[in-house]
Each structure stands twice: as structure tokens, then as C-alpha cells.
Amino acid sequence: MQNYLEQLNDAQRAPVLQKDGAMIVIAGAGSGKTRVLTYRIAYLMSLGVDPFSILSLTFTNKAAKEMRTRLENLIGPSANSVWLGTFHSIAARILRENAELVGLTSNYTIITPDDQVRLLKQIMLDDDIDTKKFTPKAMSNLIASWKDKGQKPEEVDNSSNDYFANGRAISIYKTYQLRLKTLNSADFGDLLLYNLNIFSDHPDVLTQYHSKLSYFLVDEYQDTNVIQYLWLRLLAEKSKNICCVGD
């Protein structure tokens with residue numbers, strides 16, 4: 001490990017060597033932020049931290065694959081034991097383990113954006129809504145914006161409902177969610193939203209993940225939205241061992 005640490009400059013080495021607590025690393029592009037996360041994981045494991053207790057988050061599958069490769073080159077096959085992926089891929093994993101708590105089964109499907117639009121169009125036409133004036137794509141974007149804020153249909157502010165589909169947007173959202181459950185499906189935004197629901201409604205499940213996960217690392221932290229922050233805060237609230245890097 002000492003040889004690895006010698007490859008870091010002083011600014012990179014400091015967050016790698018801080019074992020516990022919360023920290024944020026702010027630096028420009030190309031300054032080695034991802035390297036800090038990779039070496040920090042290796043350093044934690046050199047101290048005896050169980051790789052199964054480490055969760056590292058990125059924003060794209062490409063970035064996750066790159067980080068996995070870097071980690072494998074650094075520490076070998078044990079890198080595969082680390083929870084490493086995008087926010088949504090990790091949320092999908094947690095949802096599959098607890099799907100029945102939100103009315104799904106573990107073999108639920110994640111529908112594509114095109115399928116979302118087709119389903120919304122059917123719902124809107126059934127409700128006699130002019131889909132040329134109020135397009136299903138616009139409705140899909142509106143629902144996504146609510147989910148990005150962590151809002152279920154009953155939690156959306158009515159003032160957000162006035163301008164679209166003659167005040168029927170929340171009703172469409174509610175019907176859409178029910179239809180997805182009937183199909184044993186979820187959309188991209190549901191992955192984190194259902195995780196929040198599970199953690200909030202079933203604190204014993206959250207406690208299980210607190211016992212599993214002790215160290216959290218986040219790349220490109222400046223890109224996090226509200227629901228990602230809320231989800232991450234719930235998971236990290238017990239250990240408070242979190243390292244975020246960003247521009």
C-alpha cells in the first residue's frame with residue numbers, strides 16, 4: 001500500500017488517509033479525483049475494512065466500469081466485492097431485494113423511456129386529454145421532475161398541477177404509477193423513489209443496510225439531485241463515513 005500512496009501528491013493523499021468521518025474533495029477536471037476514490041477504497045481494505053461494506057457511486061455505467069477496472073488493477077479480484085455502480089444500478093439492486101414491500105416482485109422490469117411515453121399516451125387518451133396540446137413526452141418529463149425531488153403523487157404540491165392537462169397532471173401520475181405496478185414494472189425514476197419509500201416505511205430494512213454498508217464514496221458529487229441526496233443521506237446517516245468528490 002505504501003507504494004500506491006507514493007503515487008499520490010499531498011492533496012490527493014490527505015482524503016485517502018482519512019479513514020473515518022465525512023469529507024468533500026473539490027478539484028478541477030483532470031486533477032485525479034477518481035484516483036482519490038479508487039486509492040481510498042484500496043487503503044480502507046488494507047486497514048481490514050470489509051469490501052462488502054464499501055459503496056462507491058458514479059453517474060454513468062462507463063464511469064463505473066472504468067473505476068472497477070482501476071480498482072481491479074490496484075487490488076485484484078477482491079475489487080468485485082465492493083458495491084460499485086451508478087445511483088440507479090445500486091438502487092435497482094436494493095429494490096430487487098425488497099420489491100414486495102412496494103407491491104412489486106423481484107423480477108420486475110424497468111421500462112424504457114419510449115414505453116413510458118406510450119403508456120402515458122394510453123392513459124391520457126383514456127382520460128380524453130388532447131395529446132397534441134399536452135404531449136405524453138412532456139407529461140413524462142413532468143413526472144420525472146417530481147420523482148427527482150422524491151415526490152410520490154400524494155406529495156406533489158397542487159400548485160404544480162395547474163398548468164398541465166387542465167389540472168389533471170397529478171391524477172395522470174397516480175394512474176401511471178398504478179398501471180406500472182399492474183405490469184410489475186418500474187421506470188428509471190422509481191428506482192430511487194421506491195428505495196426512499198422502503199427506507200421510510202420500513203426502518204428495519206434501513207437498519208439492515210446500515211449494518212451492511214459502512215463507507216460511502218461519491219464521484220461527480222456536484223451532479224447529485226434532491227432524491228439522490230436524500231437516498232444517500234439515509235444510507236450514510238449511521239456511519240457518517242462518506243467521501244464526496246466533485247468539480
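Lys147 and Asp187 pair up in a salt bridge, their closest N and O atoms 2.7 Å apart; the term here means a side-chain nitrogen of Lys or Arg within 4 Å of a carboxyl oxygen of Asp or Glu. This pair ties together distant parts of the chain, 40 residues apart: Lys147 sits in helix H7 (residues 136-148), while Asp187 is in the loop between strand S5 (185-186) and helix H9 (188-201). Helices (H or I, at least four residues) and strands (E, at least two) are DSSP runs, numbered from the N terminus. Lys147 is buried, at 1% relative accessible area, and Asp187 is buried as well, at 2%. Shared partners join Lys147, Asp187 and Asp190 into one network.

A word on the ground rules: this is a predicted model, where local features need pLDDT of at least 70 and side-chain atom pairs count only at pLDDT 80 or more, while totals for chains, interfaces and linings use all residues. Numbering runs from 1 along each chain as its sequence is written, and side-chain values use heavy atoms, with hydrogens and water left out. Buried means under 20% relative accessible area, exposed over 50%, and partly exposed in between (1.4 Å probe, protein chains only).

Now try Asp247 and Lys33, whose side chains meet in a salt bridge at 2.9 Å, N to O. Here 214 residues separate the partners, with Asp247 in the segment after strand S7 (242-246) and Lys33 in helix H3 (residues 33-46). Asp247 is exposed at 51%, whereas Lys33 is buried at 8%.

Asp10 and Arg13 form a salt bridge too (2.8 Å, N to O). Both lie in helix H2 (residues 10-17), three residues apart, about one turn of the helix. Asp10 is exposed at 60%, and Arg13 partly exposed at 22%. Altogether, the count comes to 10 salt bridges.
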